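Here is a short report on one protein model. Keep the sequence and the 3D view open while you read.

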Amino acid sequence: MKAYGAEFIGTFWLVLGGCGSAVLAAGFPGLGIGFVGVSLAFGLTVLTMAYAIGHISGCHLNPAVSVGLWVGGRFPAKQVIPYIVAQVLGGLAAGGVLYLIASGKAGFDVAGGFASNGFGEHSPGQYTMVAGFICEVVMTMMFLFIILGATDKRAPAGFAPLAIGLGLTLIHLISIPVTNTSVNPARSTAVALYVGDWAVSQLWMFWVAPIIGAVLGGLIYKFIGSDK
């Protein structure tokens, strides 16, 4: 149960820190942090939680990561579903807190997106569904490859959180214009359910594509990184 609690809190922090930076700080007149700041915020949430709860739960914070680690032989199948449940609930709790904070400003409306992921007319750069799908698959694949490599017993000890956090930052720098960057179904669900409408209708892609990418990343690292 402690591991599930850690995943709940860790995913709560990822959504509050990452999506919170996008909703509250990215567009602040004259001082907004923009894409770079949001990218760094997501990376910092993972980096800080990796040090805080990595020794408790492994700090997955992401259903795709849990699936990818299972495929890569690093995580037991029986814990995948409980981890995913904890992650989604933690994300939804953070989405609720963020909504309460954001709604304290006059004129706030979730119709503005509320940091939701999207494609087509709901993509920040108006990218198509196919472009978004490919982007999410490849970005999640590389994320899993980084995670598995950085946490390999042969890798330098103690540096995995830095590699993983910076890896997620880079992923956001690449893909925010395409889909607003998911690579994490729990993160996508956490805000989409508060927006409803188009965000929920497009949510399927931000479960399917990251999980496909995670499976590919797990399989590729299992082949390339095997010491057998």
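## About the model

This is a predicted model, so local features need pLDDT of at least 70, side-chain atom pairs count only at pLDDT 80 or more, and totals for chains, interfaces and linings use all residues. Residues are numbered from 1 along each chain as its sequence is written, and side-chain values use heavy atoms, with hydrogens and water left out.

## The nonpolar core

Start inside. A nonpolar core is a set of buried Ala, Val, Leu, Ile, Met, Phe, Trp, Tyr and Cys residues joined through side-chain atoms within 4.5 Å. Buried means under 20% relative accessible area, exposed means over 50%, and partly exposed lies in between (1.4 Å probe, protein chains only).

The largest nonpolar core has 53 residues. Cys-19, Leu-61, Phe-114, Phe-143 and Ile-164 touch the most other members. Another core lies apart from it and has five residues, including Phe-119, Val-137, Phe-206 and Ala-209.

Contact means heavy atoms within 4.5 Å. Not counting residues up to four places away in sequence, Cys-19 touches Leu-14, Phe-42, Leu-98, Ala-115, Arg-187 and Val-191. Cys-59 is buried too, with a relative accessible area of 11%.

How many disulfides does the structure hold? The number is zero. A disulfide is a covalent bond between the sulfur atoms of two cysteines. Here it is counted as a pair of cysteine sulfur atoms within 2.5 Å. For the sulfur of Cys-19, the closest cysteine sulfur is in Cys-59, 16 Å away, which is too far for a bond. From the side of Cys-59, the closest cysteine sulfur is in Cys-19, at 16 Å.

Helices (H or I, at least four residues) and strands (E, at least two) are DSSP runs, numbered from the N terminus. Two packed helices are described by the angle between their axes and the distance between the axes. The axes are lines fitted to C-alpha atoms, for helices over the stretch in contact, and angles run from 0 to 180 degrees between N-to-C directions.

Helix α1 covers residues 2-25 and helix α2 covers residues 34-57. Their axes come within 8 Å and cross at roughly 170°. Therefore α1 and α2 are roughly antiparallel to each other. The cut-offs are under 35 degrees for roughly parallel, over 145 for roughly antiparallel, 65 to 115 for roughly perpendicular, and oblique for the rest. Residues of α1 in the contact include Trp-13, Leu-14 and Cys-19. On α2, Phe-42, Met-49 and Ile-53 are among them. The contact residues of the pair divide into 13 nonpolar, seven polar and two charged. Ala, Val, Leu, Ile, Met, Phe, Trp, Tyr, Cys and Pro count as nonpolar, Asp, Glu, Lys and Arg as charged, and the others, Gly among them, as polar.

Leu-16 is in helix α1. Ala-94 is 78 residues from Leu-16 in sequence, yet the two are 5.3 Å apart in space, C-alpha to C-alpha. Leaving aside neighbours within four places in sequence, Leu-16 is in contact with Ser-21, Ala-94, Val-97 and Leu-98.

## Helix α3 and its cover

Helix α3 (residues 63-71) is mostly covered, with eight of its nine residues buried. Among the buried residues are Pro-63, Val-67 and Leu-69. Their cover includes α4 (80-102), α5 (129-150), α7 (185-195) and α9 (205-224).

Ser-66 is found in α3 and is buried at 0% relative accessible area. Not counting residues up to four places away in sequence, Ser-66 touches His-60, Phe-75, Val-80, Tyr-83 and Gln-87.

## A residue in α9

Ile-220 lies in helix α9. Its relative accessibility is 33%, so Ile-220 counts as partly exposed. Not counting residues up to four places away in sequence, Ile-220 touches Met-141, Phe-145 and Gly-225.

## Positive phi in a loop

Most residues other than glycine have a negative phi. Phe-114 has a phi near 55°, a positive value. It lies in the loop between α4 and α5 and is buried at 4%. Ala-115 is in the loop between α4 and α5, with phi near 65°. Ala-115 is buried, with a relative accessible area of 9%.
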